[in-house]
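Subject: Structure for your review

Dear colleague,

Please find below the structure that I am handing over to you. My findings follow it.

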Amino acid sequence: MQKNLKTGYVYSDELLKYRFNDNHPFNQMRLKLTTELLQMMNLLNDEQIIQPRIANEDELALIHKYDYIQAIKHASHGILSTSEAQKYGLNTDDTFQFRHMHRHSARIIGGALNLADEIMNENIQNGCHLGGGLHHSLPGRANGFCIYNDVAITAKYLASKYQQRVMVIDTDAHHGDGTQWSLYTDNTIMCYSIHETGKFLFPGSGHYTERGEDLGYGYTVNLPLEPYTEHDNYLKVFEESVTSVIQACKPDILLSVHGVDIHYLDPLTHMSCSLETLYEIPYIINKLAQLYTKGKVLMFGGGGYNIWQVVPRAWSHIFLALMNEPIQEGPLPEQWITKWGNYSPVKLPKHWTEDYRDYVTIPRTQAISEKNNERANRIIHWYTN
């Protein structure tokens, strides 16, 4: 990375207002926990912070339908009818209306677009938007905790405004269905998703036969993994397959989604990866960016529902990878543990390294790995022949 270019970090306390209710699993407090951890390490400074703005309707409409945007505005003020709420996906148990939801959702989009502009104007080399990664939102429907799809909008924004060939790399445990279906016929944006198979997990899509349509055929890549996939096999199939796709796609910039719900302690998924896995992923992607996109990469947050023991340590390494700082070892800052230990319902970790608390040994490791290897090899063969 060039010495004169720094890494951007999107943050404002306003981002914490994207909140369904106090008991909802999607809790942006994890963003504040991560930000303060980096600040207390003296690695994140004020000049690196990029303030998010409210995205305008034209920007939202790069992906979302006009009537849907108006519905979200109405829901913001509590004037959306029951039938309209049902039509637009705002009456489910996991995604529902909350006060000022348009403003708070559009701010997440604006943060991503501000970061994209800073990278394209060469004010910074790369950056992360950990409060984003809302990859389930569909063009005309809220879905899976997501109102507006910042990943798809940013990809389309970069392709249309800056004529960039964009590649999205999504490592969240849940398939990025909203991003995929929004861009399914697009041949300027490659969408690669590695995720737990939809046979047992929301949203049920992401089969390896989903490859795009019309001009976009071949621009969608899915690598569904077996439940209980572990560290070694995950990193093997990920690095081998994503490298083959990048080499074929030749993107100008990478967008990556870093849901950390592949961790074995995540309450909503069935994977058996560890902090070591989550630490390695952004370093792999940043290395690929340095090799293939002149270092241009924008990393999003995403899922991750163990917000105390897993997310802050894992997400910190997204920023550290972009800064070319080493993977951390040793104790966490005592100041951070003392402050947040008073709020945490569980005992906070004291060290960066994984203690494998409650880890269960997986008896079918070989069979799981063989299935994953077979699917990865299909992708590698497809894009290297």
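In this predicted model, eight strands form an open sheet with parallel pairing, in the order S2-S1-S3-S8-S7-S4-S5-S6. Strands here are DSSP E runs of at least two residues and helices are H or I runs of at least four, both numbered from the N terminus; two strands pair if DSSP finds at least two bridges between them. Strand S2 (49–50) and S6 are the edge strands, each pairing on one side only.

Within the sheet, strand S3 (residues 124–129) runs parallel to strand S8 (residues 297–300), and three bridges join the two. Gly127 stands opposite Leu298 in S8.

Two helices pack on the sheet. Helix H8 (residues 231–249) touches strand S4 (166–170), S5, S6 and strand S7 (253–257), and its direction makes about 170 degrees with that of S5. Helix H12 (residues 365–384) touches S5 and S6, its direction making about 165 degrees with that of S6. Contact means heavy atoms within 4.5 Å; axes are lines fitted to C-alpha atoms, for helices over the stretch in contact, and angles run from 0 to 180 degrees between N-to-C directions.

Strand S5 (residues 189–196) pairs with S6 in the parallel sense over six bridges, and Cys191 stands opposite Thr220 in S6. Buried means under 20% relative accessible area, with exposed over 50% and partly exposed in between (1.4 Å probe, protein chains only). Thr220, Asn222 and Pro224 point one way from S6, while Val221, Leu223 and Leu225 point the other way.

Helix H6 (residues 150–161) is also largely enclosed by the rest of the structure, because nine of its 12 residues are buried. Among them are Asp150, Ile153, Tyr157 and Leu158. At the start of H6, a side-chain oxygen of Asn149 reaches to within 3.2 Å of the backbone nitrogen of Val151. Just after H6, Gln163 takes a positive phi of about 55 degrees.

As to the record, the UniProt annotation "domain: Histone deacetylase", from an unreviewed entry, covers residues 24–321; such annotations may be inferred rather than shown by experiment. Over residues 24–321 the chain is 40% helix and 12% strand.

Residues are numbered from 1 along each chain as its sequence is written, and side-chain values use heavy atoms, leaving out hydrogens and water. Local features need pLDDT of at least 70 and side-chain atom pairs count only at pLDDT 80 or more, whereas totals for chains, interfaces and linings use all residues.

Yours sincerely

How values were computed: A polar contact is a pair of N or O atoms within 3.5 Å; within protein, one must be able to donate a hydrogen and the other to accept it, and residues adjacent in sequence count only if both atoms are side-chain atoms.
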